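Please read this report alongside the sequence and the coordinates.

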Amino acid sequence: MKVSIVIPALNEEGIVGATIESIPSDKIRKAGYDLEILVVNNNSTDNTAQEAKSAGAKVIFETNRGYGNAYLRGFKEATGDIIIMGDADGTYPLDKSLEFIDYIAKEDYDFVMGSRFDGTIENGAMPALHQYIGNPALTLMLNILFHANYSDTHCGMRAIKHSALDKLDLKSPGMEFAIEMVIEASEKNLSLKEVPIDYKCRGGGEAKLNSFNDGWRHIKYMLKRKFGK
């Protein structure tokens with residue numbers, strides 16, 4: 001069985017290499033899995049690509065910027081039976097990748113998501129507005145509108161069977177991709193496992209989120225998807 005770890009990266013020089021090196025590659029291979037690490041360089045203007053390559057990743061270029069664009073390109077290139085998703089900035093515990101892999105390979109879940117709110121959030125890792133209002137409110141809204149039961153719809157550390165991924169109609173180019181994926185997974189009845197994770201402060205690079213704009217875009221996406229127009 002083969003695993004693809006897909007990491008989107010936009011101007012993450014100074015941290016993307018350490019993020020790649022945090023992946024327990026030897027442990028994953030010793031457990032019997034083939035492994036590829038793909039970094040999607042989302043038209044960076046720094047040395048992200050060179051740093052990722054030096055750390056052992058295969059670098060793919062996607063010139064159209066956007067969280068969704070980067071992942072759609074990475075998924076297209078990934079050859080693994082299982083795909084792990086995680087950010088390049090060191091916030092997600094990619095050292096726990098084998099745990100996510102095993103939930104799929106050994107327990108036959110289709111989709112595994114980290115949960116920052118069931119785990120721990122390092123002091124300063126998430127703005128208070130996001131931690132206590134924004135993310136919980138957006139998660140509640142999605143669960144009500146789409147009859148789901150997620151605890152953290154915006155967690156970016158995920159794993160999915162490639163065969164299950166092929167069932168999802170994913171096309172959002174930007175940050176809405178995060179909730180499009182969980183809505184699609186719910187509507188396609190994928191079997192889900194949520195795993196508590198530790199969420200850490202950024203290790204470098206530049207922050208990409210805009211609290212108000214991104215939150216409003218997620219709300220508009222959910223309303224349009226649910227009610228049309």
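## A proline in a loop

Is Pro173 buried, partly exposed or exposed? In this predicted model, Pro173 is partly exposed, because its relative accessible area is 44%, and its place is in the loop between H7 and H8. When residues up to four places away in sequence are not counted, Pro173 touches Gly66, Tyr67, Gly68 and Asn69.

## Helix H4 and its surroundings

Helix H4 spans residues 67-77, and within this helix Tyr67, Gly68, Asn69, Ala70, Tyr71, Gly74 and Phe75 are buried. Three of these names, Tyr67, Gly68 and Asn69, return from the list of residues that Pro173 touches. The buried residues of H4 pack against strand E1 (2-9), strand E2 (34-41) and strand E4 (82-85), and also against helix H7 (162-165) and H8.

Ring pairs link Tyr67, Tyr71 and Phe75 with Phe177 into a cluster, and Tyr67, Tyr71 and Phe75 are among the buried residues of H4. An α-helix has 3.6 residues a turn, so residues three or four places apart point the same way.

## Aromatic pairs and charges over rings

How many aromatic pairs does a search of the whole structure find? The search finds seven. In one of them, the rings of Tyr103 and Tyr109 have their centres 6.4 Å apart and their planes at 75°, so this pair is edge-to-face. The two partners fall into separate accessibility classes: Tyr103 is buried, because its relative accessible area is 17% and the limit for burial is under 20%, whereas Tyr109, at 23% relative accessibility, counts as partly exposed.

Charged side chains also sit over rings at two sites given here. The charged end of Arg116 sits over the ring of Tyr199, at 5.1 Å from the ring centre, while Lys226 lies over the face of Phe146, at 5.9 Å from the centre of that ring.

Asp102 lies in helix H5 and is buried, with a relative accessible area of 19%. If residues up to four places away in sequence are left out, Asp102 touches Tyr33 and Glu107. Asp108, by contrast, is exposed, with a relative accessible area of 51%, and its place is in the loop between helix H5 (97-105) and strand E5 (111-121).

## Positive phi angles

Most residues other than glycine have a negative phi. Asp108, a residue other than glycine, has a positive phi, near 65°, and Asn189, again not a glycine, has a positive phi near 60°. Asn189 lies in the loop between helix H8 (177-187) and strand E7 (192-199), and Asn189 is exposed, with a relative accessible area of 67%.

Which residues make the nonpolar surface patch of about 360 Å²? Leu129, Tyr132 and Ile133 make this patch. The place of Ile133 is in helix H6, which covers residues 128-146, and Ile133 is exposed, because its relative accessible area of 52% lies over the 50% limit.

Key. Residues numbered from 1 in each chain as written. Predicted model: local features only at pLDDT ≥ 70, side-chain atom pairs only at ≥ 80, totals over all residues. Heavy atoms only, no water. Patch = residues over 30% accessible without salt bridge, like charges linked within 9 Å, V, L, I, M, F, W, Y side chains within 5 Å. Areas by Shrake-Rupley, 256 points an atom, 1.4 Å probe, with all protein chains shown as cover. Salt bridge = Lys/Arg side-chain N within 4 Å of Asp/Glu carboxyl O. Helix = DSSP H or I, 4+ residues; strand = E, 2+ residues; numbered from the N terminus. Buried < 20%, exposed > 50% of the residue type's maximum accessible area, 1.4 Å probe, protein only. Phe/Tyr/Trp six-rings, centres within 6.5 Å; stacked < 30°, edge-to-face > 60°. Lys NZ or Arg CZ within 6 Å of the ring centre and 35° of its normal. Contact = heavy atoms within 4.5 Å.
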